[in-house]
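Q: I have not looked at this structure before. Could you show me how to read its sheet?

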Amino acid sequence: PSFTVIVPAAGVGKRMLADRPKQYLKIGHKTVLEHTLEKLISHPRITRIIVALDPQDPYFDELPISQADWITRVDGGKERADSVLAGLTALDSHSWVAVHDAARPCVSLSDLDKLFRLFENNQGGGILAMPVKDTMKRAQSEDSKRVSNTVDRDGLWHALTPQFFPLAQLRQALSEALEQNVTITDEASAMEWAGWPVNLVEGSERNIKITRPDDLTLATFYISQEEL
Ligand code: C5P
């Protein structure tokens, strides 16, 4: 079967300190968002992409890719989870769906293969993730610089995207979690909250999320290597 990917791209990307949202910064001649969308659609099992955009977004329509017949545009929402739910609501014909950050243009086709192959017959779905390498500290409070304790890193993973789930379960989990004001920072957190088993598979550490200025430099390097 083929899959649809939802790409939340309605964020403003404040931490980039740039004049436009990070998905519209350039890597070579193209924007981050174009790199992400082109990578996804080049996977043989991905046939459609739903992009959630800020309703006032002035940039997307300028991109040649906005005319592609495999792209559907929906209005994003206040939080990432609202944007993803808007995308899920626009979709009814697929049984499985993947969600991938617009800000992760360096995802590899082999990681996508791995995710689909491992989890498409699984009950709860799964996500790409990376084991934590550094020693982890918890501060005494959100604003405090005083260490409260060291968190055991054994068994700790960074959650990446794509995240791949059965559509009906994800839609229900996300909408109920949002209704009940549960903090949802990725799709897996909604699925976990709803009680579904969520699985991890190790992905490449090149699949960075562009968040701060240096990330753009690194992504530019990774993508130039892919194009060699
Ligand atoms: O800000 P952060 O890096 O966590 O955003 C992850 C992804 O979610 C980005 O691709 C961003 O554009 C998207 N997002 C969204 N709607 C929001 C906030 C973020 O689609 N309200």
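**Reading the sheet**

A: This is a predicted model.

Q: In which sense do strand 1 and strand 4 pair, parallel or antiparallel?

A: Strands of a sheet pair through backbone hydrogen bonds, in either a parallel or an antiparallel sense. Here strand 1 and strand 4 (residues 46-53) pair in the parallel sense, over 7 bridges. A9 has L53 of strand 4 as its bridge partner.

Q: How many bridges link strand 1 and strand 6?

A: Strand 1 and strand 6 (residues 96-99) pair over 3 bridges, in the parallel sense. The bridge partner of T4 in strand 6 is V97.

Q: What is the order of the strands in the sheet?

A: The order is 5-4-1-6-10-7-11, in an open sheet of 7 strands with mixed pairing. Strand 5 (71-75) and strand 11 (199-202) are the edge strands, each pairing on one side only. On average, neighbouring strands are turned by 30 degrees against each other, direction ignored.

Q: Which residues of strand 1 lie on each side, and are they buried or exposed?

A: Side chains in a regular strand alternate between the two faces of the sheet. In strand 1, F3, V5, V7 and A9 are on one side and T4, I6 and P8 on the other, and all are buried. For strand 1 (residues 3-9), that is 7 of its 7 residues.

Technical notes: Residues numbered from 1 in each chain as written. Predicted model: local features only at pLDDT ≥ 70, side-chain atom pairs only at ≥ 80, totals over all residues. Buried ≥ 20, exposed ≤ 12 C-beta atoms within 10 Å, placed from the backbone. Helix = DSSP H or I, 4+ residues; strand = E, 2+ residues; numbered from the N terminus. Pairing = 2+ DSSP bridges. Axes fitted to C-alpha atoms, helices over the stretch in contact; angles between N-to-C directions.
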